[in-house]
Every structure is written in C-alpha cells, then in structure tokens.
Amino acid sequence: MANRRGVIKALALSVTLGLAGITSSAAFAQAKTVKVGVLHSLSGTMAISETVLKDVALMAFEEINAKGGVMGMKIEPVVVDPASNWPLFAEKARGLLTQDKVAATFGCWTSVSRKSVLPVFEELNGLLFYPVQYEGEELSKNVFYTGAAPNQQAIPAVEYLMSKDGGSAKRFVLLGTDYVYPRTTNKILRAFLKAKGIPESDIMEEYTPFGHSDYQTIIGKIKKFAGEGKKTAVVSTINGDSNVPFYKELGNQGLKATDVPVVAFSVGEEELRGVDTKPLVGHLAAWNYFMSIKDPANDAFKKKWAAYAKKAKLAGADKPLTNDPM
C-alpha cells in the first residue's frame with residue numbers, strides 16, 4: 001500500500017509539473033514566431049508562374065497572423081529564390097531546413113524542382129506543400145501533393161477532346177517541355193489512347209527545352225500532321241514563359257481552335273496576361289479550379305486577393321488574377 005501511495009504521489013507530481021510546463025510554454029509561445037519557407041522561382045523561366053504563388057502564400061500568412069497565428073505563434077516567412085535552377089532548389093531547401101529551421105515549406109512548380117528537393121526533405125525530415133498538378137508515380141510522407149494527378153486532369157481532358165462536344169478528335173499531338181512531368185504524363189496518355197483504339201501513327205510527340213521561344217517549325221509540323229485527314233487536337237504540357245511564344249505563334253499561323261483545338265494543363269490567365277488572346281478563342285485549359293467559378297467562397301477569395309494585390313502594390317494589381325495552384 002505504501003508503495004502504491006508513493007506511485008500515486010509521483011504521478012500527481014508529474015501531472016502538476018506537466019501542467020505548469022504547458023502553461024508556461026503557451027505563454028512563451030505568444031512571444032515566439034514559427035518560420036515557414038517559401039521556395040518559388042522569382043526569376044528565370046518559371047517566374048511567370050511561380051511569383052504569384054509566393055505572393056498568395058504571404059497573403060495567407062498575413063491573414064493567419066491577424067487571427068492570432070498558429071498555436072499562438074506568428075508565422076515568419078522565409079522567402080528564397082531558386083531562380084528556375086533545379087539543383088539550386090535542393091540547395092535552397094537545405095538552407096531553409098538546416099539554417100532557417102523552418103517548420104514547413106510551400107514551394108516548387110515543376111516536377112523536376114520537386115524531384116530535386118525531395119531527397120533533402122526526406123533526409124532532414126522536412127515538410128513540403130506542393131501546389132501544382134503532377135504526373136503521379138511518387139509518394140512521400142514528407143510531401144503534401146495538393147494538385148491533380150493525370151487521372152484527375154489529363155485523362156478527363158483527352159476524353160473530352162475525343163467526345164462529340166470536344167470535337168471528336170482522332171489524332172493527337174502531345175507537346176510538352178522536356179522534363180519529367182510532360183514525359184511521364186504523355187507516357188500515361190499514350191497508353192490511354194492506345195487502349196481507346198488510337199494507332200501509333202495518329203500520335204505525334206514533341207518536346208522543347210525550358211525557356212524555348214521559337215515555335216514556328218513545331219506549329220508548322222502540327223499543321224501538316226493535322227492536314228492528313230483526321231480531326232486533330234494538341235495536348236500541351238508546356239510550362240513557364242514558353243507558353244507566351246507558343247500561343248503567339250498559334251495566332252501568327254492562324255491555327256484556330258475550330259481546326260486544331262489545344263488543351264493545356266499548365267497555363268492560365270497569368271501566363272496569357274501579355275498575349276493577344278483574340279486569335280486564341282476556343283482553345284482550352286484543364287484545371288481543378290478556374291477564376292470564373294461562380295461560388296461564394298471563390299468570390300470571397302478573389303476579393304481578398306484583389307485587396308492584397310493592391311495593398312502590396314503587386315505587378316498586375318490593376319487586373320488581379322487567380323489560378324489553380326494559388
């Protein structure tokens with residue numbers, strides 16, 4: 001019995017100390033900050049797409065801080081620029097985790113940048129929130145994949161192109177930037193198309209490097225491929241600022257959506273901001289979210305974003321745009 005009373009007293013003491021510790025740590029937390037990394041390209045070929053993701057993350061942190069922060073701690077953003085340089089993504093990620101000691105990181109757009117940082121996050125047990133559609137075939141406990149996989153985006157888009165409403169396409173051009181996401185997605189799409197009875201001869205596959213700007217020859221090849229008798233569609237996995245010259249060349253060569261529709265997975269209003277879109281009417285994009293969605297939550301988000309863009313004097317604040325990864 002004496003021994004039992006001693007155990008009970010010891011447990012009571014530990015609970016008391018624990019409660020004291022919780023109280024003091026909660027009070028201490030009020031004066032603390034929690035660092036969160038932002039790992040997006042603010043320069044180079046991907047800046048056209050990624051800069052706005054840095055801005056929307058900062059808006060979210062500001063909103064959370066105004067409501068008291070996270071567990072009583074204010075978010076302190078640590079913004080770095082990996083400059084569309086894939087090895088530099090890994091270097092910057094390591095710095096965020098080892099030097100800045102961030103609790104989580106929001107970052108990357110391309111799958112090649114995610115593949116670059118993945119070993120770092122796994123080695124150091126960091127946490128990455130990845131916001132963009134991707135090719136699948138990867139799973140890590142250190143990554144939240146918040147974007148669509150091919151079965152949620154690419155395959156439904158191609159099914160639409162094959163349908164009567166989508167133009168009943170029988171030939172397909174798989175056109176992408178030369179890296180893991182377009183190549184793996186197109187590998188999946190090839191298998192899907194073959195399962196639907198599309199022969200190899202009716203599939204054309206082309207890739208261009210990051211930052212590619214001369215699409216004259218490729219658009220010419222697409223026109224020739226489309227002119228061989230069957231209804232043709234283009235599936236575009238072009239990423240970054242290459243979308244601008246691609247769509248400009250579509251307009252220059254008069255390749256209209258009524259003749260050869262293009263469906264894109266990595267282009268939105270932001271990438272087309274500097275393009276004359278009049279010749280591009282009818283071309284398509286497939287995302288899980290569009291700015292034009294009629295919904296009270298989306299209306300509130302757009303209003304909030306417009307106010308933040310104006311207050312922060314962001315580029316394009318006079319015409320604030322939102323997109324899927326945001």
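**Aromatic pairs and burial in a predicted model**

Biologist: How many aromatic pairs does the rule give?

Modeller: The count comes to twelve aromatic pairs, where a pair requires ring centres within 6.5 Å. The model is a predicted one.

Biologist: What makes the pair of Tyr179 and Phe210 stacked, tilted or edge-to-face?

Modeller: The ring centres of Tyr179 and Phe210 lie 4.9 Å apart, with the planes at 35°. Stacked rings need planes under 30 degrees apart and edge-to-face rings need over 60, with the rest counted as tilted. The pair is therefore tilted.

Biologist: Which parts of the chain does the pair of Tyr179 and Phe210 tie together?

Modeller: Tyr179 belongs to the loop between β6 (171-177) and α6 (180-195), and Phe210 to the loop between β7 (203-208) and α7 (216-226). The pair therefore ties together parts that are 31 residues apart in sequence.

Biologist: Is Tyr179 called buried or exposed, and how do you know?

Modeller: The relative accessibility of Tyr179 is 8%, and buried means under 20%. Tyr179 therefore counts as buried.

Biologist: What is Phe210 called by the rule for accessible area?

Modeller: Phe210 has a relative accessible area of 23%. Buried requires under 20% and exposed requires over 50%, with partly exposed in between. Phe210 is therefore partly exposed.

Biologist: Which kind of pair do Tyr215 and Phe246 form, and why?

Modeller: The centres of the Tyr215 and Phe246 rings are 5.5 Å apart and their planes stand at 70°. Planes over 60 degrees apart count as edge-to-face, so the pair of Tyr215 and Phe246 is edge-to-face. This pair links distant parts of the chain, as Tyr215 is in the loop between β7 and α7, Phe246 is in helix α8 (residues 243-252), and the two are 31 residues apart.

Biologist: Are Tyr215 and Phe246 buried or exposed?

Modeller: The relative accessible area is 1% for Tyr215 and 0% for Phe246. Buried means under 20%, so Tyr215 is buried and Phe246 is buried.

Biologist: Which residues form one aromatic cluster?

Modeller: The cluster consists of Trp86, Phe89, Tyr179, Tyr181 and Phe210.

Biologist: How do you know that the charged end of Arg171 sits over a ring, and which ring is that?

Modeller: The ring is that of Phe225, and the charged end of Arg171 is 3.9 Å from its centre. The rule asks for CZ of Arg within 6 Å of the ring centre and within 35 degrees of the ring normal. Arg183 likewise lies over the face of Tyr207, at 4.0 Å from the ring centre.

Biologist: Is Asn186 buried or exposed, and what does Asn186 contact?

Modeller: Asn186 is in helix α6 and has a relative accessible area of 0%. The limit for buried is under 20%, so Asn186 is buried. Beyond its neighbours within four places in sequence, Asn186 is in contact with Leu174, Glu205, Tyr207 and Thr237.

Biologist: Is Ile155 called buried or exposed, and why?

Modeller: Ile155, in helix α5 (residues 154-162), has 17% relative accessibility. Since buried means under 20%, Ile155 counts as buried. Leaving out residues up to four places away in sequence, Ile155 touches Pro150, Ile188, Leu189 and Phe192. Ile155 and Leu189 are 34 residues apart in sequence, with their C-alpha atoms 6.8 Å apart in space.

Biologist: How many helices and strands does the chain have, and what share of its residues count as buried?

Modeller: The chain has nine helices and ten strands. Of its 326 residues, 48% count as buried.

Note on methods
Residues numbered from 1 in each chain as written. Predicted model: local features only at pLDDT ≥ 70, side-chain atom pairs only at ≥ 80, totals over all residues. Heavy atoms only, no water. Phe/Tyr/Trp six-rings, centres within 6.5 Å; stacked < 30°, edge-to-face > 60°. Helix = DSSP H or I, 4+ residues; strand = E, 2+ residues; numbered from the N terminus. Buried < 20%, exposed > 50% of the residue type's maximum accessible area, 1.4 Å probe, protein only. Contact = heavy atoms within 4.5 Å.
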